[in-house]
Amino acid sequence: MRSPSVTLALAYAVFSVLYLGAAAMPLVVPITLPPSVLDAAIPRLPWTVWAYLSQFPFLGFVYWQAQGTVAWARNLRGMLVATVISAVVFVVLPTRIPREAIDADAATTVAFSLLYGADPATNCLPSLHVSLALLGASGFWPERPRLVRVCLAWAALITISTLTTKQHYAVDILAGIVVGGVAAWLARRVESSGWVTLSTESESLPRTRTS
C-alpha cells in the first residue's frame, strides 16, 4: 500500500503541473479584471499575506487530522476535482489582476516577492486558493463537526486575505466557492457510489474520529 506521504507528494505534483501548466498555455490573451465597487472599498493590508500563506500549514493540518479516516480520500478527491476544473478555466478563459507595488516591512515585502515569483498572475478566476481552503474545512463533515468549525474559521481568514492582499477580486471568490461546492459534491458522489476506492480506504480504516 502506498504511504500517505507518497500519495500527498504525487497529488502535489499533479496540482503543480495543472496549475502552472494552465498559466503557461492560455488559449487567449488573459483578460484584465476591473475591480468592482466592493473591491475598491476593501483596503489593501499587506500584513495579511501571512494569513494568505497560512494556506500551506492549514492544508498540512487538514491531512494530519484526516489520516486514518474516510476524510483523507474525500479531501484528496475534492481537491483534485477542483484543480482540474480550475485549470480548464485558466486555459480557456484566463484572467489577471494588476499587481501593485509592495509597501510594507522587510519580511512582508520578501513574502510578497516570493509569492509573486511563484504564483502566476493569470490564475485569478476562480480562486483555487479559496476552493481548496473550503474543501479542506468541509471534508470532515459530518463525522467531526467541532473540527469543521475550527477549520471553517481558518478558511474564512484565508478567504478574506485573498481580497486584502489584492490577489483576487470578489468575483474570483464567488467562483472559487462554486468550484469548491461542485468538487465537494462530486467527491461525495464518488464516495457513496463506490466507483473509486483509494488505498487509504481499502485497509478497513475507521469511518469516524471524535474531536
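The structure described here is a predicted model. Val 28 occupies the loop that runs between helix 1 (4–24) and strand 1 (31–32). It belongs to a nonpolar surface patch of about 750 Å², to which Val 14, Leu 27, Ile 31, Leu 80, Val 84, Val 88, Val 92 and Leu 93 also contribute. Helix 5 (residues 71–92) supplies the largest share of this patch, with 4 residues.

The confidence of the prediction was examined next. The mean pLDDT of the protein is 91, and 91% of the residues reach a score of at least 70. Confidence is highest in helix 3 (residues 49–53), at 98, and lowest in helix 1, where the mean is 93.

Helix 7 is mostly covered, with 9 of its 11 residues buried. These buried residues are Leu 128, His 129, Val 130, Ser 131, Leu 132, Ala 133, Leu 135, Gly 136 and Ala 137. They pack against helix 1, helix 3, helix 4 (55–66), helix 5, helix 8 (145–164) and helix 9 (170–193). Leu 134 also lies in helix 7 (residues 128–138), but this residue is partly exposed, since its relative accessible area is 23% and buried residues fall under 20%. Apart from neighbours within four places in sequence, Leu 134 is in contact with Ala 155 and Ile 177. The C-alpha atoms of Leu 134 and Thr 159 are 8.8 Å apart, although 25 residues separate the two in sequence.

Gln 55 is buried, with a relative accessible area of 3%. When residues up to four places away in sequence are not counted, Gln 55 touches Leu 128, His 129, Leu 132 and Ala 133, as well as Ile 158.

The model contains 4 salt bridges. In one of them, Glu 100 pairs with Arg 44, with the closest N and O atoms 3.9 Å apart. This pair links distant parts of the chain, 56 residues apart: Glu 100 is in the loop between strand 2 (95–96) and helix 6 (106–118), and Arg 44 is in the loop between helix 2 (37–41) and helix 3. Glu 100 is partly exposed, at a relative accessible area of 41%.

Arg 74, Glu 143 and Glu 191 are linked in a network of salt bridges. The side chains of Arg 74 and Glu 143 meet at 2.9 Å, N to O. Arg 74 lies in helix 5 and Glu 143 in the loop between helix 7 and helix 8, so this bridge ties together parts that are 69 residues apart in sequence. Glu 143 is partly exposed, with a relative accessible area of 23%, whereas Arg 74 counts as buried at 5%. The side chains of Glu 191 and Arg 74 also form a salt bridge, at 2.9 Å from N to O. Here helix 9, which holds Glu 191, is linked to helix 5, which holds Arg 74, across 117 residues. Both Glu 191 and Arg 74 are buried.

The number of disulfides in the model is 0.

Key: Residues numbered from 1 in each chain as written. Predicted model: local features only at pLDDT ≥ 70, side-chain atom pairs only at ≥ 80, totals over all residues. Heavy atoms only, no water. Patch = residues over 30% accessible without salt bridge, like charges linked within 9 Å, V, L, I, M, F, W, Y side chains within 5 Å. Areas by Shrake-Rupley, 256 points an atom, 1.4 Å probe, with all protein chains shown as cover. Helix = DSSP H or I, 4+ residues; strand = E, 2+ residues; numbered from the N terminus. Buried < 20%, exposed > 50% of the residue type's maximum accessible area, 1.4 Å probe, protein only. Contact = heavy atoms within 4.5 Å. pLDDT = per-residue confidence, 0-100. Disulfide = S-S within 2.5 Å.
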